[in-house]
Amino acid sequence: MNTFFTPGPAQLYPAVPQYVQQALEEQFCSISHRSARFQEVFAHTTRQLKELMGVPEDFRVFFHGSATEIWERLLQNCVEEKTFHFVNGSFSNRYFQAARSLQLEAIKAEAEWGEGFDFEKTPVPSDVDLINFTHNETSTGVMTPLEAVHGFRATHPHSLITLDMVSSAPYGQVDWEKVDAAYFSVQKCFGMPAGLGVLILSPACLERARKLEQAGKATGTYHRFAAQAEKSDKNQTVETPNMLGIYVLGKVCDAMLEQGVDALRAETDEKARMLYEYFDNHPRFEPFVNDKAFRSATVVVVDMPADAPELMQFLKERQLVVGAGYGKMKGQQIRIANFPAIRKADVERLLEAIDAYPRS
Ligand SMILES: *Cc1c(COP(=O)(O)O)cnc(C)c1O
């Protein structure tokens with residue numbers, strides 16, 4: 001069996017095969033999505049996720065098809081004219097491009113790949129409807145400190161703050177008084193099969209969506225936030241959702257809560273420390289992100305201009321699958337996911353194998 005250090009799809013969280021098996025045995029995938037049993041599962045998953053991430057009672061959890069879909073929904077439901085995007089890699093740029101595609105006035109601040117932002121020196125207009133931050137830019141391994149994100153509430157009280165946590169939830173500790181929406185898809189840190197995007201939404205976002213609708217804006221069709229809120233208040237969804245995904249996510253949250261989110265974060269930090277320490281001391285390979293303040297705890301990107309494909313093949317022969325560099329970095333970097341499904345022993349095994357690579 002391979003161990004996947006790929007940053008999505010990723011190594012499955014332990015016991016996911018059992019959770020799927022349980023759902024099948026219970027015939028959960030054949031029952032109605034309007035049934036009491038589905039409502040029970042919806043309520044359980046929502047409650048456990050909120051507990052895991054410390055989400056306030058009055059926030060809602062909406063289920064979508066992917067994080068990519070969520071970008072479009074946030075833009076359609078919460079933006080009248082202007083959005084602002086901190087772009088420092090492929091994913092943050094795709095959200096910006098989505099805003100352009102919807103013919104919104106999208107503004108971006110850009111950082112070089114591998115670098116973080118100097119937020120104090122980056123002017124953001126005070127009249128933008130929405131500001132998006134990508135907590136963990138999976139393409140570059142740059143993690144933005146959440147304190148910086150939280151600071152924008154005071155300086156931009158009229159803008160909704162949205163946070164891409166696709167490859168960092170539930171590791172990132174969000175102050176929900178300072179963030180209006182955070183979202184992820186389950187095939188990254190939650191170690192699940194893809195096909196479920198999860199949006200945690202504040203009352204302010206919902207209010208904004210309702211106001212725009214009242215003013216005559218088309219906010220979408222089935223995944224209008226107002227329609228989703230109405231259904232989610234009844235522990236239901238508008239459409240026939242990814243029932244299996246919602247079921248399994250509840251179980252994964254149960255298991256993460258059992259470990260404890262503090263322990264999960266500490267374990268992530270410890271594995272990240274091992275990885276960075278190894279590559280900081282390697283004769284030829286080195287972490288892509290120089291500034292330690294911006295180094296991702298969940299996706300470690302390593303520069304190796306001459307070796308990436310060869311090393312990846314060497315590791316693959318040892319049943320260790322790491323991610324390739326993203327886009328233009330393919331061929332000169334590897335990306336190592338440090339998600340909760342990866343145990344300390346897996347990291348040790350990976351580093352031992354890299355050490356045995358002949359050209360190390
Ligand atoms: C993977 C990823 C996405 C896109 O997620 P999908 O589930 O493929 O839509 C968005 N943002 C970040 C940071 C990602 O890593």
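**A walk through the predicted model**

Q236 sits in the loop between α8 (225-232) and α9; helices (H or I, at least four residues) and strands (E, at least two) are DSSP runs, numbered from the N terminus. This is a predicted model, in which local features need pLDDT of at least 70 and side-chain atom pairs count only at pLDDT 80 or more, while totals for chains, interfaces and linings use all residues. Residues are numbered from 1 along each chain as its sequence is written, and side-chain values use heavy atoms, with hydrogens and water left out.

Q236 has a relative accessible area of 9% and is therefore buried (buried means under 20% relative accessible area, exposed over 50%, partly exposed in between, with a 1.4 Å probe and protein chains only). Not counting residues up to four places away in sequence, Q236 touches H33, R34, F38, Q39, F42 and K231, where contact means heavy atoms within 4.5 Å.

The next topic is the nonpolar cores. A nonpolar core is a set of buried Ala, Val, Leu, Ile, Met, Phe, Trp, Tyr and Cys residues joined through side-chain atoms within 4.5 Å. The largest one has 55 residues, and M53, F86 and F190 have the most contacts inside it. Helix α9 (residues 243-259) gives the most to this core, namely 9 residues. Leaving aside neighbours within four places in sequence, M53 is in contact with M165, A169, P170, W176, F184 and I200. Another core, of 29 residues, lies apart from the largest one; A308, L311, F314 and V347 are among its members.

Now the sheet. Strands of a sheet pair through backbone hydrogen bonds, either parallel or antiparallel. Here 5 strands form an open sheet with mixed pairing, in the order β1-β13-β14-β12-β11; two strands pair if DSSP finds at least two bridges between them. At the edges are β1 (3-5) and β11 (286-287), each pairing on one side only. Strands β12 (residues 299-303) and β14 (residues 333-337) run antiparallel and are joined by 5 bridges. Within this pair, V299 stands opposite A337 in β14.

Helix α11 (residues 308-316) packs on the sheet, where it touches β13 (320-324) and β14, and its direction makes about 155° with that of β13. Axes are lines fitted to C-alpha atoms, for helices over the stretch in contact, and angles run from 0 to 180 degrees between N-to-C directions. Helix α12 (residues 344-356) lies across β1, β13 and β14 and runs at about 85° to β1.

The segment before β1 contains M1. M1 counts as exposed because its relative accessibility is 87%. The C-alpha atoms of M1 and E69 are separated by 32 Å, and the two residues are 68 residues apart along the chain.
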